[in-house]
Amino acid sequence: MRAAALALLALALALAGCGGAQAPVPRSSTPWQRYQAPAAGYAVDYPATPTEVADSKDGSSTQLSMLADSQSKRVLGVVTVSADKLHTDSSDVLFDAMGAELSRIFQCKAGVSQDLVLGGRHARDFELSHLEKPAIRGKGRLLLDADKGRLYFIVLIAETAAGRADLERFFKSFTITE
């Protein structure tokens, strides 16, 4: 089931054009706004309206919201699987697999990571650096909500200092709404 969810995530990101080779979209002059994803159970601030992608396969589902601009790429998503197949005691294995998959998709190397607890949920933050362009750096966060059978992932990859300055605002604005 985990492999199917990861494969679905890779497909959804590829179809949405979030790989490292896509040209960035010009930055919107729209001020930051609250984006709600009620079906996925989260809310987050974006500097423009993100693109949404949702898909289901093999009893699991993936929902993504993403935004690319001249400063950075921001992707936030949730992989949902049945709660009986997703347990907190297996979160380290799940985090390792998902971190490796996100690194591959974004053509980045995962660096320093830190396990933490956010709102009573197991989480892992990790640094990212582009394999071919070291100036491109970012951060990823995985957050497991085992009770609801959801794995949230947040990624921001930035080519500029201005893009990286948005990182903390983007990450801190994320909340689980259910």
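1. Basis. The structure is a predicted model, in which local features need pLDDT of at least 70, side-chain atom pairs count only at pLDDT 80 or more, and totals for chains, interfaces and linings use all residues. Residues are numbered from 1 along each chain as its sequence is written, and side-chain values use heavy atoms, with hydrogens and water left out.

2. Helix α2. Helices (H or I, at least four residues) and strands (E, at least two) are DSSP runs, numbered from the N terminus. Buried residues in α2 include L94, F95, M98 and L102; buried means under 20% relative accessible area, exposed over 50%, and partly exposed in between (1.4 Å probe, protein chains only).

3. Q107. This residue sits in the loop between α2 and β6 (108-118). Q107 has a positive phi of about 55° although it is not a glycine. Most residues other than glycine have a negative phi. Q107 counts as partly exposed because its relative accessibility is 34%.

4. Strand β2. In β2 (residues 42-46), 5 of 5 residues are buried. Y42, V44 and Y46 lie on one side, A43 and D45 on the other.

5. Partners of β2. Two strands pair if DSSP finds at least two bridges between them. Strand β1 (residues 33-37) runs antiparallel to β2, joined by 5 bridges, with R34 opposite D45. In their hairpin, which has 4 residues between the strands, G41 takes a positive phi near 75°. Strand β10 (residues 175-176) also pairs with β2 in the antiparallel sense, over 2 bridges, and T175 of β10 stands opposite A43.
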